[in-house]
Amino acid sequence: MSEDERTLVTAEDELLIARFQSGEAEAFDRLMALHMNQVFGLAWSVLHGREEALDAAQEVFIKLHSALPKFGSAANLPAWLYRVCLNHCIDVRRKSRNAVMELTEEDWDRLQGSDRDDPGWFVQNTELGEAIRKAIDHLPARQKSAFLLRHYDFLSLKEIAQTMGCTVGAVKAHLSRATAHLRSELSGYTGIAVGEVHDHGTL
Amino acid sequence: MERCKKITELFGAYIYGDLSPEEMHRVRMHVEECEACAGDLDARSRVLDIVPRQMPVLSDEDRRRIMWTVKGAIRAKNEPARSRFFSSVYVRGFAVTAVVVAAFAAGTLIGLRKPPKIIVKQVPVKHQPIVVKEPKERSVEQPAPVDVVPTIPEPQAIATDLFRRDRLPNTYRGGIEPRSPKPLDAVLTPPENLTSEDIIAPLAPAQDVLVKPSDSSVSNPKPVVPDNSP
């Protein structure tokens with residue numbers, strides 16, 4: 001998302017927040033529609049499961065509805081959404097870390113079908129995808145937040161700094177350490193992975 | 001080394017293109033001079049290349065699901081707990097079913113009931129037994145009462161219930177009738193040949209008239225006047 005697009009979205013967010021605070025319930029539906037994709041995507045990037053990501057997105061919007069009456073006019077709604085989403089997803093992930101991930105019937109059906117182009121399928125059903133998921137899971141919380149928010153192009157460095165409540169320099173440092181950690185975890189795959197990735201057409 | 005440490009802190013932002021032009025130039029210049037940092041930067045770039053940058057897309061069904069679930073949760077939060085309970089589909093369904101079953105059971109019970117027998121009872125007509133009072137002593141000025149005043153009989157009192165003779169003890173089966181009242185003129189007009197006995201006799205206690213059991217003419221009984229004539 002370009003800086004101009006981000007500015008437009010923020011202006012519309014402020015208008016919708018004002019309308020919701022004056023009693024217009026439909027403004028909340030419009031806010032949900034605007035940010036649903038990003039929230040779901042961020043949840044998925046942490047949880048690596050479609051159902052879990054849908055549940056997390058629902059929780060985030062329920063919390064948004066409770067918090068909207070107290071929103072100030074200059075509040076950055078995307079930053080708030082991503083912060084709440086990341087905190088919720090990291091908590092969920094921490095609790096389910098010891099749980100064994102089992103494929104459901106729906107997952108098996110998707111495997112047989114044409115979902116191989118789905119990045120989710122790649123992450124859940126290949127050895128490389130499993131290794132990438134584990135490497136990201138093992139990142140410390142702040143490095144994980146900075147990496148996911150930047151890698152999936154949710155926010156700029158300045159917005160990530162605002163979301164995480166730190167300086168831009170600190171965000172750069174978190175990014176650098178996250179990439180160093182991933183390099184050490186996934187360096188064994190880099191030689192073979194290039195070919196696999198090209199086969200799946202994800203890059 | 002110090003310089004390497006400071007430059008490697010910028011590698012993450014460098015890979016994503018987030019550095020200022022001056023910072024980008026500094027990193028490029030250092031990497032050209034330092035092989036270790038060049039190798040490090042290359043390894044990080046290759047690792048980030050294999051981490052997918054695409055995410056699953058929300059289908060329309062997923063979007064609707066999120067919307068409806070969130071709205072339902074908000075609605076449930078706004079409702080008070082009691083009304084939530086009573087507005088539950090299951091509670092409402094149970095209540096409707098219970099009403100229907102109760103109405104059906106009541107209708108069945110009413111239909112199975114036998115019609116009540118109509119019994120015509122002859123309600124006994126209660127008559128106040130008429131008791132003849134002893135005439136009070138009265139002065140000449142006071143007129144004699146014409147009618148007999150009925151009172152509540154005492155158990156030993158002589159009842160004159162002409163219609164319920166079967167209720168009387170055997171002693172009184174014959175029935176007792178009040179003495180028919182004398183006409184007013186006869187009471188007030190003294191007899192021509194008035195003697196002392198005529199004066200005394202009426203003052204004697206009145207005796208009721210006994211009617212013989214064989215006398216069935218209740219409406220016109222024959223008075224049996226005691227023979228007090230001198």
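How are α9(A) and α10(A) oriented to each other? In this predicted model, the two helices are roughly perpendicular to each other. Helix α9, residues 157-164 of chain A, packs against helix α10, residues 168-186 of chain A, at an angle of about 100°, and their axes are 8 Å apart. From α9(A), the contact draws on Leu157(A), Lys158(A), Ile160(A), Ala161(A) and Met164(A), while α10(A) contributes Val168(A), Val171(A), Lys172(A), His174(A) and Leu175(A). By class, the residues of this contact are 7 nonpolar, 1 polar and 2 charged.

Of the 203 residues in chain A, 50% are buried. Among contacts in chain A with a separation of 6 or more, 62% join residues 24 or more positions apart. The chain exposes about 9500 Å², of which carbon and sulfur atoms supply 51%.

Turning to the cysteines, a search of the whole structure finds 0 disulfides over all chains. Cys4(B) is in no disulfide, and its nearest cysteine sulfur belongs to Cys37(B). For Cys34(B), the closest cysteine sulfur is likewise in Cys37(B), at a distance too far for a bond, because a disulfide requires sulfur atoms within 2.5 Å. The table sets out the values for these two cysteines.

| Cysteine | Closest cysteine sulfur | Sulfur distance | Relative accessible area |
|---|---|---|---|
| Cys4(B) | Cys37(B) | 3.6 Å | 17% |
| Cys34(B) | Cys37(B) | 3.4 Å | 16% |

Cys4(B) is buried, and Cys34(B) is buried as well.

Notes
Residues numbered from 1 in each chain as written. Chains lettered and ligands numbered in written order. Predicted model: local features only at pLDDT ≥ 70, side-chain atom pairs only at ≥ 80, totals over all residues. Heavy atoms only, no water. Buried < 20%, exposed > 50% of the residue type's maximum accessible area, 1.4 Å probe, protein only. Contact = heavy atoms within 4.5 Å. Areas by Shrake-Rupley, 256 points an atom, 1.4 Å probe, with all protein chains shown as cover. Axes fitted to C-alpha atoms, helices over the stretch in contact; angles between N-to-C directions. Helix = DSSP H or I, 4+ residues; strand = E, 2+ residues; numbered from the N terminus. Parallel < 35°, antiparallel > 145°, perpendicular 65-115°, else oblique. Nonpolar A, V, L, I, M, F, W, Y, C, P; charged D, E, K, R; others polar.
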